[in-house]
Amino acid sequence: MINPTWVKTFITLVNTGHFTQTAEKLYMTQPGVSQHIKKLEEQLGSELLIRYGKRFELTEAGQKMYEFGLQQQAQEHQFIASLSADDLHCGECKIGCSGSLAMQLYPRLLQRQQSHKQLSFHVEAGPNQSTIRNILSDDLEVGIVTRTDSNSDLVFEEIGQSSLSLILPAQFIAKQREEADRETNQPLRFDTLNALGFIHHPDGAHYASQVLTPNFPESFKSVSQLNITGYVNQLSQILLPVSQGLGYTVLPESAAESFHQPHLLHVYPLTHQVSEALYLVKKRHRPLPRRYDWFITMVKNTLAL
């Protein structure tokens, strides 16, 4: 690494053109200035200037060193200035949440970015533990999760509720209605549901347990009973096999609302509606830049209790 003190002495010497003036400006002795130049030349292995009398001329290496030193100083000044700058409309926002929330929130983030071109959004869609792990490793700054964690380095704030939905193929429901006695209007049974099969996903077991336990108490006891007929880890694709009659699943209500062919789905009316709390999570001792203020306010308004 090039010694920054020697570089500063060299640049000052080139700017003043005199060893004496350089020494006065840097509060050094003239021999001290000469010593810095000599040490810099030794470190670089190149002669930087040719002296004649009390004057000097730069060598080719000296000119390059001077230009490099100026660039280094400019970058240093810019860096120091950036430390005190906290622009609302500039920088990257690194956010984590579930896939269903990502689908709901991402269009709003893009609108914000269109208005402020120097903003960028990094959105990582994944299950709770993935979001929490990425915040702890500083890969994300803030996240939205449905469960808290005991880690004392994190702080959680409840900001809203997410309703869970039992989502079936529309064709399955139509067939059930044809076969059932219309007058008795028999409710959906878990064994009928299980025969259809469950489309699993990263939060599938947790969501299924939350919804099926209170709504099918006589027949559903644990997720080990689920007849899994498929697994998808991309939220945008989870409802595709459901729409084609290949199984049912449990997802937040917003996922069904965002699906591109909602007429192929049926959101079953539950006897016991199930909602989960949504928590904003971030590091306890890590202050967020001001550009996150808009995001946090938008999320709270969108997912308000």
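## Overall form

Of the 305 residues of the protein, 41% are buried, where buried means under 20% relative accessible area, exposed over 50%, and partly exposed in between (1.4 Å probe, protein chains only). The model is predicted: local features need pLDDT of at least 70 and side-chain atom pairs count only at pLDDT 80 or more, while totals for chains, interfaces and linings use all residues. Residues are numbered from 1 along each chain as its sequence is written, and side-chain values use heavy atoms, with hydrogens and water left out.

The secondary structure comes to 12 helices and 11 strands; helices (H or I, at least four residues) and strands (E, at least two) are DSSP runs, numbered from the N terminus. The C-alpha trace spans about 115 × 35 × 35 Å along its principal axes. The radius of gyration of the protein is 32 Å, whereas a compact globule of 305 residues would have one near 19 Å. This radius is taken over C-alpha atoms, and the globule rule is 2.2 Å times the number of residues to the power 0.38.

On a 1 Å grid over the protein atoms alone, a cavity is a set of points where a 1.4 Å probe fits but cannot get out, and a pocket is an open set with protein on both sides within 12 Å along at least five of seven lines; lining residues have an atom within 4 Å of a point. Grid points are joined across faces, edges and corners, and a volume is the space filled by probe spheres set on the points.

| Space | Volume | Lining by class |
|---|---|---|
| Second largest pocket | about 250 Å³ | 10 nonpolar, eight polar, one charged |
| Largest cavity | about 60 Å³ | five nonpolar, four polar, two charged |

Ala, Val, Leu, Ile, Met, Phe, Trp, Tyr, Cys and Pro count as nonpolar, Asp, Glu, Lys and Arg as charged, and the others, Gly among them, as polar.

The largest share of the lining of the second largest pocket, four residues, comes from α5. The residues that line the largest cavity include Ser 98, Asn 128, Asp 203 and His 206. Both β5 (142-145) and α9 supply at least two residues of this cavity lining.

## Asn 227

Asn 227 lies in the loop between α9 (204-215) and β8 (228-231). Asn 227 is partly exposed, with a relative accessible area of 31%. Leaving aside residues up to four places away in sequence, Asn 227 touches Asn 194, Ala 195, Gly 197 and Phe 198, a contact being heavy atoms within 4.5 Å.
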